[in-house]
Amino acid sequence: MERAPERAAMTRADATTKEPAEQGTSDASGGAALELLVHGVGGTTPQEMLDDPRTVRITGDDTAAVFRRADDVDAEDRPDDQREQPVPEAYVWCNLTSGNSARALWLLLLPFMVVNLAHWMRPTTRDRTRTVRLYGLLVRLAALTLTVLLVAAACEVALDLAAWQCAGTRACAERHSWLGFLSPTVSDGGWWSDPGRRLALAAVVPAGLTGLLWYLSRRTWSAYESEQPMTREAEPDEESGGTSLGRPGFWYGRRLVARLRAAHTAAGLLTVAAAVASAAARFDRRPGGPAVLDTLGWALDAAIVACAAAAVWVVCRRGRSENRLDRELDEHLVRRLPLAALVLLALALVYAGWDRPGWTSTGRLPGDPTFGAIAFFQGLLVIVLAVVAHVLHRTRPDPRAAMRGLGGPAVAMLACALGGVMSGGVAQRVADWLDGTGASIVGPPVLLTWQASVIPPLLVLLLLLCGGLGRRAWRLRRTELGNVEVDYVGEPRDTARTRRIATTRAMATLTDRAPLVVAVTSTATLLLGAGALVGALTTDKTPSEAAGGTYAFVHGAAETAQALGSWLIGFGFILFVTWGRRAYKDASARRTIGILWDVGTFWPRAAHPFAPPCYAERAVPDLTWRMATWTRAGEGRRLVISGHSQGSVLAAAAAWQLTPGDRKRVALLTYGSPLERLYGRWFPAHFGQDALTQLHDEVDCWRNLYRPTDPIGGPVRLPGDCGPAVDREALKDPLAYGRTPEHPLPAPILGHGDYQADPAFAEERKLLLARLRPELPAQRPQGEG
């Protein structure tokens with residue numbers, strides 16, 4: 001790959017700043033045409049996108065850039081050579097999600113990413129501003145509980161299991177020699193063997209985890225979300241309604257991210273401070289305890305509660321600012337709130353480390369109620385969120401919305417479940433590793449054991465559901481066998497070929513059943529989680545112990561679920577770590593993880609500041625700048641933005657950010673697009689039918705290609721005459737059933753990829769360019785109104 005010569009870059013810059021009268025007669029008489037290609041999930045190379053081994057980066061950096069063929073670098077100087085074919089440019093953004101190896105650490109942030117998605121799944125509504133704000137507030141509070149849960153799990157591992165239980169038990173400390181200096185018996189009463197000092201030293205682990213989350217959030221924020229979108233003033237014909245994706249400040253949420261980062265960092269540090277101080281305070285408050293330390297303990301608790309209330313207030317106080325480009329930062333808040341929490345943590349460590357004769361560590365730390373309270377509060381938030389979502393959906397029902405508008409609460413429930421499984425999995429594995437024979441330490445809180453025990457019945461339910469979906473797909477396959485024969489009339493029959501095509505079509509429809517899977521999973525998780533919470537609180541025993549005096553079948557089922565659940569959590573944790581380690585070293589595995597982030601991190605961090613960064617806050621401004629500078633560079637300039645898969649979502653988002661005058665000079669070509677099939681159903685408030693219809697009306701023209709074998713892309717399904725005006729009839733896949741002069745070898749089933757191989761792609765692009773041509777106005781494609 002080569003870089004463009006400096007002369008070519010200066011030529012383009014000069015052309016951009018010239019007035020239309022200075023552009024020359026070539027632009028006025030026809031204008032150059034540009035096709036801006038945007039790839040989809042998984043990424044690709046500019047050489048593959050441009051079908052040329054010699055490409056040149058004309059603008060951008062190593063993270064995201066626009067490329068051209070080497071022969072097209074000076075295409076603006078040769079407009080007569082570009083009248084029939086557009087100049088192709090490729091916008092490559094895959095390094096935003098699958099670049100360097102540090103992105104493997106993003107696996108730890110999976111629950112945060114999922115709960116952030118729930119914020120954007122709000123149903124379509126009108127005139128419900130306060131209810132919409134309440135919806136966002138509830139999601140932000142659920143996100144805050146996930147941060148507290150993660151840090152509490154780290155405290156459980158470091159403070160309770162390692163420093164309190166294992167170091168306080170001679171057999172466990174002797175088995176793990178690295179804990180010997182913390183053990184009163186092994187170290188013969190060493191300075192660090194005091195329980196409070198053990199806890200103070202172990203608090204470095206959860207505090208370091210909080211600091212790591214703060215660092216990752218701040219680093220990615222400066223690398224991704226510090227790019228300012230193009231500033232623009234409203235034009236006279238610009239509508240005030242429509243999707244919020246067109247608002248000036250939608251892709252610039254750094255102020256909210258900074259506020260939330262300060263609040264979540266403070267909450268994490270305060271969780272550590274409370275875990276350390278509560279153990280010491282419990283000893284001081286016994287009858288005959290030291291009065292001075294008791295008073296200091298109460299004062300410290302009051303300060304921790306006050307700071308925690310301030311953190312919650314920050315989370316509740318303010319949502320996103322989208323109507324304007326908000327460049328301000330709350331400097332005092334962003335700095336002082338985490339600093340105050342850090343000071344309280346330091347005071348808690350000093351308070352716990354004070355000499356207390358006669359203090360020994362027995363049983364568990366007083367942390368059991370913490371996990372129970374978090375689980376109860378999360379369940380309550382999800383239920384209230386579901387009620388709010390239902391109210392919003394009723395104001396303007398959308399028949400295509402996933403789960404009748406309840407997609408957000410369901411996904412929030414899954415995020416809480418992921419956080420619980422990850423937290424419980426780490427605690428269970430560390431306890432098993434430290435315990436060895438299973439007789440030396442008490443182990444983690446019983447609630448975590450109950451939560452692990454509900455995993456097997458949940459998996460059984462999901463297997464039954466998958467079996468039902470598989471049976472439905474098999475029946476649909478039988479129907480598709482006849483459809484394949486109708487689509488390829490006159491071809492010699494090949495039973496195996498027909499079955500492969502029909503099977504691919506049937507499997508592609510399973511994507512549309514995702515709402516059912518999410519609904520069943522989230523509902524079962526909520527009910528089973530509630531049962532686990534009740535069982536843990538009422539019995540204070542593990543499931544096998546609680547079922548000890550019941551029927552043999554019940555006792556055996558409880559033991560099996562507990563053992564299998566613990567094993568599954570351990571296996572999942574090992575698989576998780578292995579996958580992350582492999583992704584750290586292997587670029588191909590890192591790209592696979594990048595596909596997950598391509599879908600999950602499109603949206604800005606509106607609920608959780610520690611979620612993986614939003615790549616669209618860099619990609620959408622990039623595309624907007626490129627589209628606007630091209631269309632404004634001269635009269636008659638034509639542009640087709642061509643987006644595949646996730647690239648079509650970025651293309652639509654960038655088109656919404658243009659001024660109405662610029663949008664009218666842009667044509668949109670999408671293929672394999674999840675705009676309606678995924679985003680329209682799961683994010684109806686932003687990609688619903690009204691928003692997509694408005695986009696169709698405001699761009700010059702829009703055509704969409706899809707295949708029945710594509711599991712991701714689908715039709716846009718606009719109502720009335722807009723439908724056929726946007727959606728072309730489903731493309732045949734494969735292009736040829738048997739061997740033909742055009743395809744002498746068997747044509748592959750392309751599914752979601754290689755749409756450019758279909759002649760329909762070039763045909764639609766030619767029609768779009770002809771329609772954009774100023775001197776030869778063309779009619780819309782057949783069926784377009």
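1. The buried residues of helix 18 are P515, V518, T521, S522, A524, T525, A532, L533, G535 and A536; buried denotes a relative accessible area under 20%, with a 1.4 Å probe and protein chains only. Helices (H or I, at least four residues) and strands (E, at least two) are DSSP runs numbered from the N terminus. Among the elements covering these buried residues are helix 13 (368-395), helix 14 (407-435) and helix 16 (455-487), where contact means heavy atoms within 4.5 Å.

2. The model is predicted, so that local features need pLDDT of at least 70 and side-chain atom pairs count only at pLDDT 80 or more, while totals for chains, interfaces and linings use all residues. Residues are numbered from 1 along each chain as its sequence is written, and side-chain values use heavy atoms, with hydrogens and water left out.

3. The length of helix 18 (residues 514-539) agrees with expectation, because its 26 residues should span 38 Å at 1.5 Å a residue and its end C-alpha atoms are 37 Å apart. The expected span is 1.5 Å times one less than the number of residues. After helix 18 comes D540, which has a positive phi near 55°.

4. Two packed helices are described by the angle between their axes and the distance between the axes. For helix 6 (residues 129-166) and helix 10 (residues 254-284), the angle is about 35° and the axes are 9 Å apart. Axes are lines fitted to C-alpha atoms, for helices over the stretch in contact, and angles run from 0 to 180 degrees between N-to-C directions. The crossing is right-handed, that is, the near helix is turned clockwise from the far one by less than a right angle.

5. In this packing, residues of helix 6 including R140, A143, L144 and W164 meet residues of helix 10 including L260, H264, A267 and R282. By class, the contact has 13 nonpolar, four polar and two charged residues; Ala, Val, Leu, Ile, Met, Phe, Trp, Tyr, Cys and Pro count as nonpolar, Asp, Glu, Lys and Arg as charged, and the others, Gly among them, as polar.

6. E89 lies in strand 5 (residues 87-92) and counts as buried because its relative accessibility is 0%. Its side chain makes polar contacts with the side chains of R68, at 2.6 Å, and R626, at 2.8 Å. A polar contact is a pair of N or O atoms within 3.5 Å; within protein, one must be able to donate a hydrogen and the other to accept it, and residues adjacent in sequence count only if both atoms are side-chain atoms.

7. E698, in helix 27 (residues 689-698), is buried, with a relative accessible area of 16%. The side chains of E698 and R663 are joined by a polar contact of 2.9 Å.

Key. Buried < 20%, exposed > 50% of the residue type's maximum accessible area, 1.4 Å probe, protein only.
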